[in-house]
Structure formats: C-alpha cells, structure tokens
Amino acid sequence: MRTKFICGNWKMNGSLCETRKLIFQLGTDWEESFDGIEIAICPPFTALNEAKLELEDFKIKLGAQNCYIGNRGAFTGEISASMLSEIGCTYVILGHSERRTIFEERDDLVARKLRSALDAGLKPILCIGETDAERQKGDMEEVLLRQIVGSLASADAADAANITIAYEPVWAIGTGKTATPEQAQEAQAFIRSELRRKFGNLAETIIIQYGGSIKPENAFELFSQPDIDGGLIGAASLSADSFLAIIRAAASVKS
C-alpha cells in the first residue's frame, strides 16, 4: 500500500517570521494519526535554512521549489541540487505548471533537472498537467503522455522509488475550479498506466499526488480515489489550520 504524501508548495510566500510562525503552529497541533503520512513543506529559497532549523523537532520533511541542471559554475541566480541537499532538503519540485508557462521550461530541461536532483540525492516531485484549452480539445492524454515521456527521459527503473508525480490540471490552479474526484482519478489512472510502460510493476509503488486546488472540503473525497496518493498543496498550505485539515483527511483515508 502506497503512503499518502502531503506536500505544501508555498510558492513566493513566506518571510522568515512567517516561516517560524507557520511551522510552530503545525508542530503545536500535530496529531499521532499523522505519523503514517509523509509530510513536507517547500518554502522559498530564502526561508529554507530557517525552516530547516524550525523543523528539527517535527516530523516534517523539507523541500525546495526548483533547482538548476548544473552543480556549480557561472549561472547567476540559480541554485544547484547539491546546494539544496547540503542545506537539508529531501524533496524538490520540478516542472511546475508556473515554471512551464511563465518561464517556458520544456520537458527536456525538466528531464535534465530531474537527473541532477536524483544524482544529488534529492527526491523530485515531477509536475505534469494539461491546460483548459488542451482539455477542451480532448488532448489531456496526449499532453500527459508527452510530459511523462519527455520529463522522465533521464530516469530509469533504479530511480522509480525516489520519484513522485504530481498531476496538476492547470485549469484548476488558482481559478476556483477543481477537478471532480472522478476527473482526477481518470487522469491519474492514465498516468499510472503510462508509468507501467516505463517502469513495469514498479509503477504500482510510485506516489501520484493531485495538485489542483485541494481544500479541506474536498480533500477526503479526492484522497479516497485509488490512484490519488496525496496532494501538492498550494494556497491552503499557507494556513496551518487548512493544511492540518488536509493532512487529517489523508490520515482518515489511510485508517
């Protein structure tokens, strides 16, 4: 049985003071039922060290929101995977829809970042998903297949255990729309079927998160679907109450 994995993506939010306060609130309201859930937060780069210090007494892993393909060198403004590993990160988000759309990151670049992250001992959370226009045209499966093949081009069977996939329908991020549990399950079942083509039976062990506007109100129903193994949480992870409620929903499904 796959472990439920809840990860908070803070995006470009979180001062040092806000980081300390949010982590303190999470730790204060921790419940024993959470112990069987993998939980991580991904603050901005500037708050990673502060978060690492605050997390020392809590069962929450640290992740980053991006990394570069190179290990060191003249790449102004970039952060290498080895730097993230050194500071204490376990996870790194790659290929997020905002990176793909705003910064025009292609699958081949994501694949190189994924290889760099794996080689540095990090566990990539690989984001894939279709836009509203692509879904309306009936191209969801074509888009997901292209992103799976392209973004995982640098990975092999030995890497499967360290990769998480996050399905994020772009049309359901920050728009107020949310995929129904049935829509999310359909997409994630397709993703797992394509992972089987690449990794064989190892695909059954790969965690596939849902990442489209999860809230406390819809978390339990989404997490109850057979191929939804948790969530990559955006805005709701910036509130301790809502993030804890989502974790609580995952724990309820697990039990």
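Q: Which residues of α9 are buried?

A: A word on the source comes first: this is a predicted model. Within α9, the buried residues are N218, A219, L222 and F223. Viewed along the axis of α9, the buried residues fall within an arc of 125 degrees, so they line one face of the helix.

Q: What is the general idea behind such a face?

A: An α-helix has 3.6 residues a turn, so residues three or four places apart point the same way.

Q: Where is G211 found, and is G211 buried or exposed?

A: G211 belongs to the loop between β7 (208–210) and α9 (216–223). A residue counts as buried when its relative accessible area is under 20%. G211 has a relative accessibility of 10%, and therefore it counts as buried.

Q: With which residues is G211 in contact, leaving aside its neighbours within four places in sequence?

A: Those residues are Y167, E168, I173 and L232.

Q: Where does Q188 lie, and what is Q188 in contact with?

A: Q188 is part of helix α8, which covers residues 181–199. Its relative accessible area is 0%, so Q188 is buried. Neighbours within four places in sequence being set aside, the contacts of Q188 are Y167, I208, Q209, Y210, D227 and I228. Y167 is also in contact with G211.

Q: How should I read C42, and in which strand is C42 found?

A: C42 is found in strand β2, residues 38–42. With a relative accessible area of 0%, C42 is buried. Apart from neighbours within four places in sequence, C42 is in contact with C7, G8, N9, W10, K11, G63, A64, Q65 and I93. For one of these, N9, the separation from C42 is 33 residues in sequence and 5.0 Å in space, C-alpha to C-alpha.

Q: What is the general idea of a salt bridge, and how many salt bridges are counted here?

A: Side chains of opposite charge can pair when their charged atoms come close. In this model the count comes to 20 salt bridges.

Q: Which residue forms a salt bridge with E105?

A: The partner of E105 is R99, and the closest N and O atoms of the pair are 3.0 Å apart. The two ends of this pair are read separately. E105 is buried, at 7% relative accessibility, whereas R99 is partly exposed at 22%.

Q: How many residues apart are R197 and E194, and in which helix do they lie?

A: Both R197 and E194 lie in helix α8, three residues apart, which is about one turn of the helix. Their side chains meet in a salt bridge, with 3.2 Å from N to O. R197 is exposed, having a relative accessible area of 70%, while E194 is buried at 11%.

Q: What is the distance between the closest N and O atoms in the salt bridge of R196 with E204?

A: In the pair formed by R196 and E204, that distance is 2.4 Å. R196 counts as partly exposed at 36% relative accessibility, and E204 counts as partly exposed at 31%.

Q: Which residues are linked in a network of salt bridges?

A: R2, R192, D227 and D229 are linked in such a network. One of them, D227, is also in contact with Q188.

Q: What is the phi of S213, and where is the place of S213?

A: S213 is not a glycine, yet its phi is positive, at about 60 degrees. S213 sits in the loop between β7 and α9, where G211 is also found. At 24% relative accessibility, S213 counts as partly exposed.

Notes: Residues numbered from 1 in each chain as written. Predicted model: local features only at pLDDT ≥ 70, side-chain atom pairs only at ≥ 80, totals over all residues. Heavy atoms only, no water. Helix = DSSP H or I, 4+ residues; strand = E, 2+ residues; numbered from the N terminus. Buried < 20%, exposed > 50% of the residue type's maximum accessible area, 1.4 Å probe, protein only. Contact = heavy atoms within 4.5 Å. Salt bridge = Lys/Arg side-chain N within 4 Å of Asp/Glu carboxyl O. Arc of directions from axis to C-beta.
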